[in-house]
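Dear colleague,

Please find below the structure that I am handing over to you. My notes on its side chains and backbone follow.

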Amino acid sequence: MSELTERIMEISGADPRKCMKCGKCTAACPVAGEMDIKPHQFASCLAKGQSDLLLSSNTLHKCLSCFACVERCPRDVRPGRLIDAVRQCVVRARGQAFLTPEEIPELLDDELPQQLLVSAFRRYRR
Amino acid sequence: MKFSYYPGCTLKNKAKDLDRYARACAAALGIELIEPDDWQCCGGVYPLGKDEIAPKLAAVRVLADAAEQGNQLVTVCSACHHVLKRVNDDMKNDADTRERANRYMDLQRPYTGQTGVLHLLEVLRDRVGFDTLKEKVVNPLTGKKIGAYYGCLLLRPGDVMTLDDPENPRVMEDLIRALGAEPVVYPYRNECCGGYVSLGDKELTGRMCDRILESAVGFGAQMLLTACPLCMYNLRAHSDLPVYYFTELLAEALGVKEAAQ
Amino acid sequence: MQKIGVFVCHCGTNIAATVDVLRVVEAAAKEPGVVHAQDYPYMCSEAGQALIASAIRDKGLTGIVVCSCSPRMHEATFRKCAERAGLNPYMVEIANIREHCSWIHKDMEEATQKAIILARAAIAKVHLNTPLAAGHSQVTKRALVIGGGIAGIQTALDIAEAGYPVDIVEKNPSIGGRMAQLDKTFPTLDCSACILTPKMVEAAAHPNIRIFTYSEVERVTGFVGDFTVDIRKHARSVDMDKCTGCGLCQEKCPSRKTPDEFNRALGTRSAIYTPFAQAIPNVPVIDREHCIKFKTGKCGLCQTVCAAGAIDYTQSDEIVSEKYGAIVVATGFDTIKLDRFGEYAYDQSKDVITSLELERIMNAAGPTGGHLERLSDGRMPREMVFIQCVGSRCSDGRGKSYCSKICCMYTAKHAMLIRDKYPDVNVTVFYIDVRTPGKNFDEFYRRAVEQYGVNYIKGQVGKVAPLPDGRLRVSGSDLIDGKAVEITADMVVLATAIEPDPSARRLASMLTASIDTNDFLTEAHPKLRPVESPTAGVYLSGVSQGPKDIPETVSQAGACAAKVIGLLAKDRLTTNPCTAHSDQLLCNGCSACANVCPYGAISYEQREVNDHGVRGERRIAVVNNALCQGCGACTVTCPSGAMDLQGFSNRQLIAEVDAICR
């Protein structure tokens, strides 16, 4: 297993080898259509040790962490945790954040709740 | 009935309604809510990484404070509730998190997850009781067809949140019924609104909200009810349907809305 | 001093590849009392056994040790061999140097050392062996079959045909079980009732078969060959002898709102009812919970209209006590509850149904008269979706971790039948894997795809969402295309996992039969004794043992009957002499042993005891040797060391431990 795959397993605490390849995660995901690598493919890639492929996937910022995949997975693989762990590996590297403070002002509007900014910052950068 | 009460940052700002109506309703129902001193933002999202400890500490502080007061901890914001309940679950069941958090925190007494975390909806259901609540309603919302919108954070993951059946919940429907209105059950009430993705991709959250709204309207909802400021923001941005915090309609039914304003 | 022979088996390379067999022979030969030691490639072969027999005769051996495989495998073989050569069979000990040694070790030196130690321990034990004689017990030549579905009926018929009396106990008002609820059966698509009803009739008419319907097993005592069973016959409120089965009572009954169990609650039935037209016996029962007469005292209409005078409101439950030599468990299955699978909207839409409900809808005697229609509005569906593995292969705690085995085939059957009868209906099946091991099974599934145009999509469904127009949006995955798919369906059918009937658990504890974590009854050996429970005299038939389809159930029912017949054909049974006995001088009657005995073999007697010259009465444990299975739980529990096990005495075990630690 590569060092990266190992780190992903450790951060996520989830085990992609439990996956029976049913695809229910992708079926349950409300944004699977937007993802270049689908949730079930995340589990599959990790089980095969092909974690490098995942680092540049747009799935990392499409995933909403809504846990529909986690709730409905029949094998307790918790794909949402796997995706977040890959995201962590990316944003923890220097200069790899998906969001910078400079971008924020033009994204704001009067109604936007603080919670949204906090959440986005927590997910998109270290 | 006395609880520690964690409002959370958004309720002090953009979601003041959610907070003030919650306090007014609690008072009307004889529930004492005590806000701890110097609480901090819970972080908005639960840190999923097993190795993350710092982002959980704000939640641990509030939980430990409630434990010191001997109170259970009540919140109304879906996101805060989600973070507090899951961090608490870690403190109770994950030895590694428990040890490391306690080492950082330097508390008077070690905290081991003993605080019960409750959403106000759980207090209404399990402590007040919807039958009792119904008796206290002075302005029944008769004739209103209301769709409850749960979103994702309130219910999932079901084994930790334990608020309701994560796939077919009913607590808000029961609340709506107790307030004299007619609940509209629609299948997308537990699907995500798009959450924080709306910061960068309003088109995507728009499509997600459309599906939810289409379903709610299709089944006859005239208005929606939510417990989450972020859901409120996303739904309102894409809907002609009025969206309310559950505390606002509760305050209206209990006859304390105007006083709260 | 014993004269001991040691025989070390190579088991081909199974043992010899990891254990240096010759060194084991050498080491054993040096042990005290060993007068003969040798090796052989296959000790269990005829030639190997001949070597043992001639050594016993030629050297006058008084005890032997065979170093070979597990005693579960060949202890009986070598005991018989010894007996033929004139040695008491209980003077044979096995040192398991295969499962306990060669198979689990890689290092030859270590494995050889361990094999030598195991041989030494067995030799030490044989020194203390004494010849034992097996006792005998009688066999009651009657069998009890619990459950009257196809498994129970077939088992009973096969036993009855061999000439032995059989009783069937069925908790429902009629025999027939799940198979009676099915419309067609795979892989031949013949009508279920057409092939089941003749069997039901045959069972009912067979002179050797008695059927107790609306009855349950209440209590079981005794042991193999001699069980006593109390059967509770629930009050039917209808006299079986007088009723002519005319059906007028059911027609006139004013209480008609009870969910009809036979139709999976898709319709209603009267309070006095027979579950289905071909019911056996064709005698109704009064469901007292829903009967107006029993609830309010008023009504009595059925009694008024019954020309035969068969209605009897005063009947009460009756307990029948009967003796049996063998008991067959054939309690079958039910589908799991779907309340933890809200994403499939089973509780949110009438048009999301289980496969078993579809069987009733497709059946001419079902709630829609066999017409395929939506239960919400009676319209015919145009677009149907089947979802497989609902609750099966589910290890997240919501469903069952096992494969229910029958769903792939019945789903193909449903899809094919619908496409055949209603060619305009589109049928899509979401599957994870299509599992069709069985004669003509894969061909059957392929026919659904190739001839009937059923659309199979590899991928699970994530959500079924009812739409305002009454249709259902099915969101699934297409793993071959690597994308999410959506189908707007009129009806969704869930291939719901099956689980053992809830009665199995209670029954297993009554029978002291073991049961697995899923509540399936455990077989004595998964490969070599698949229809026997580890509890002697208890046999397993049908789904109570594990998921299986009708062909497999019928085969297993036959196998089960053969085992029962084998038992009942014996005039007496040899009992295991390795049973516990209590030393009345040491026993203080504390009951600790009886509390741990899983077989109920220990009772107490007041006995006159001479304790150091003082005569007195004492409460003493007494072991029923016919019931005792020699498990040894009592011997380790006994605080005063009064309990001991023949053939595994405390002294023998200590001698083995000493030999190992030497």
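A residue counts as buried when its relative accessible area is under 20%. At 13% relative accessibility, C:Tyr313 therefore counts as buried. Please bear in mind that this is a predicted model.

C:Tyr313 has an aromatic partner in C:Phe294: the pair is edge-to-face, with 5.8 Å from centre to centre and 80 degrees between the planes. C:Phe294 belongs to helix α9 (residues 292-296) of chain C and C:Tyr313 to the loop between α10 (301-305) and β17 (318-324) of chain C, so the pair ties together parts that are 19 residues apart in sequence. C:Phe294 itself is partly exposed, with a relative accessible area of 29%.

Over all chains, the count comes to ten aromatic pairs. One of these joins C:Phe186 and C:Phe441, whose ring centres are 5.5 Å apart; their planes stand at 85 degrees, so this pair is edge-to-face. The pair links distant parts of the chain, 255 residues apart: C:Phe186 is in the loop between β8 (184-185) and β9 (190-191) of chain C, and C:Phe441 is in helix α13 (residues 441-450) of chain C. Both C:Phe186 and C:Phe441 are buried. Elsewhere, ring pairs link A:Phe98, A:Tyr124 and B:Tyr196 into a cluster.

Charged groups also sit over rings in chain C. The charged end of C:Arg269 lies over the ring of C:Tyr273, 3.7 Å from its centre, and that of C:Arg446 lies over the ring of C:Tyr445, 5.3 Å from its centre.

In chain B, the axes of helix α5 (residues 120-128) and helix α8 (residues 171-178) come within 10 Å and cross at roughly 65 degrees. The crossing of α5(B) and α8(B) is left-handed. In this contact, B:Leu121, B:Leu124 and B:Arg125 of α5(B) meet B:Val171, B:Met172 and B:Leu175 of α8(B). The contact residues divide into five nonpolar, no polar and one charged.

Finally, some points on the backbone. A cis peptide bond joins B:Arg156 and B:Pro157, with omega about -5 degrees; B:Pro157 is in the loop between β5 (145-148) and α7 (158-161) of chain B. A cis peptide bond also joins C:Ile280 and C:Pro281, with omega about 0 degrees. In chain A, A:Phe67 has a positive phi, near 65 degrees, in a residue other than glycine. A:Phe67 is in the loop between α4 (59-62) and α5 (68-72) of chain A and is buried, with a relative accessible area of 5%.

With kind regards

Technical notes. Residues are numbered from 1 along each chain as its sequence is written. Chains are lettered from A and ligands numbered from 1 in the order in which they are written. This is a predicted model: local features need pLDDT of at least 70, side-chain atom pairs count only at pLDDT 80 or more; totals for chains, interfaces and linings use all residues. Side-chain values use heavy atoms; hydrogens and water are left out. Rings of Phe, Tyr and Trp (its six-membered ring) pair if their centres lie within 6.5 Å; planes under 30 degrees apart count as stacked, over 60 as edge-to-face and the rest as tilted. Helices (H or I, at least four residues) and strands (E, at least two) are DSSP runs, numbered from the N terminus. Buried means under 20% relative accessible area, exposed over 50%, partly exposed in between (1.4 Å probe, protein chains only). A charge sits over a ring if NZ of Lys or CZ of Arg is within 6 Å of the ring centre and within 35 degrees of the ring normal. Axes are lines fitted to C-alpha atoms, for helices over the stretch in contact, and angles run from 0 to 180 degrees between N-to-C directions. A crossing is left-handed if the near helix is turned anticlockwise from the far one by less than a right angle, and right-handed if clockwise. Contact means heavy atoms within 4.5 Å. Ala, Val, Leu, Ile, Met, Phe, Trp, Tyr, Cys and Pro count as nonpolar, Asp, Glu, Lys and Arg as charged, and the others, Gly among them, as polar.
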